[in-house]
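Dear colleague,

Please find below the structure that I promised to hand over, with my notes following it. I would be glad if you read the two side by side.

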Amino acid sequence: MIVVMQREANWFVNNILSISFLLVIIALTACSMTPTDQQGRMDVGVLTLLAAITNKFIVAEDLPKIPYRTLIDVYLDVCFVMHMLIILSNVVVLEFQNGYGVLDLGSTSNSRSFWLFLSIFASFHVWLCLLVYNYHMDI
């Protein structure tokens, strides 16, 4: 008798990956705010980071306790790094705006940081898809 067991990957995608993905996308909307709305930008960045941390604690209860890092752990870490980079970019935009007195420099760095973070996040997802695809091709 052969018993075939398979993990239900949809649960992980729906409850962990998609929520973390959406939180990073929401955090990226801070880059669409004007550089003068610093409080709104920081509110979005910090609140999405707190939501991501809360999501990780809630989901950690349902994940199996294993001694090694999984792809989900790597994904969540990248999401946390993205949140921190977005918050730091808000500080940099504020410094360019206030420290140098040139609003155009703040707007330029705001636009550049948005496209930089979006390209980093998109590149990570392309790498992740290739990794998962290659893993399934090996099986």
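Asp 77 forms a salt bridge with Arg 69, and the closest N and O atoms of the pair are 2.1 Å apart, where a salt bridge is taken as a side-chain nitrogen of Lys or Arg within 4 Å of a carboxyl oxygen of Asp or Glu. Side chains of opposite charge can pair when their charged atoms come close. The structure holds 1 salt bridge. Asp 77 is partly exposed at a relative accessible area of 29%, whereas Arg 69 is exposed at 52%; here buried means under 20% relative accessible area, exposed over 50%, and partly exposed in between, with a 1.4 Å probe and protein chains only.

Please keep in mind that this is a predicted model, in which local features need pLDDT of at least 70 and side-chain atom pairs count only at pLDDT 80 or more, while totals for chains, interfaces and linings use all residues. Residues are numbered from 1 along each chain as its sequence is written, and side-chain values use heavy atoms, with hydrogens and water left out.

As for the overall fold, the chain has 4 helices and 0 strands, so that its elements, read from the N terminus, run α-α-α-α; helices (H or I, at least four residues) and strands (E, at least two) are DSSP runs, numbered from the N terminus. Of the 139 residues of the chain, 32% count as buried. Among the contacts with a separation of 6 or more, 78% are accounted for by residues 24 or more positions apart, a contact meaning heavy atoms within 4.5 Å. The chain exposes about 9,300 Å², of which carbon and sulfur atoms supply 69%; accessible areas come from the Shrake-Rupley method with a 1.4 Å probe, and for residues only the protein chains shown count as cover.

Helix α2 (residues 38–60) has 23 residues and reaches 33 Å from its first C-alpha to its last, close to the 33 Å expected at 1.5 Å a residue, the expected span being 1.5 Å times one less than the number of residues. Its buried residues include Gln 38, Arg 41, Thr 48, Leu 49 and Ala 52. Leu 50, by contrast, lies in α2 but is partly exposed at 46% relative accessibility. Together with Val 46, Leu 47, Ile 53 and Phe 57, Leu 50 makes a nonpolar surface patch of about 470 Å²; patches are made of residues with over 30% relative accessible area and no salt bridge, like charges being joined within 9 Å and nonpolar side chains (Val, Leu, Ile, Met, Phe, Trp, Tyr) within 5 Å.

Turning to helix α3, Asn 90 has its place there and is buried, with a relative accessible area of 0%. A polar contact of 3.0 Å joins its side chain to that of Arg 41, a polar contact being a pair of N or O atoms within 3.5 Å, of which, within protein, one must be able to donate a hydrogen and the other to accept it, and residues adjacent in sequence count only if both atoms are side-chain atoms. Leaving aside neighbours within four places in sequence, Asn 90 is in contact with Ala 30, Gln 38, Arg 41 and Met 42.

His 83 also lies in helix α3 and is buried at 1% relative accessibility. With neighbours within four places in sequence again left aside, the contacts of His 83 are Leu 23, Val 24, Ala 27, Thr 48, Leu 49 and Ala 52.

With kind regards
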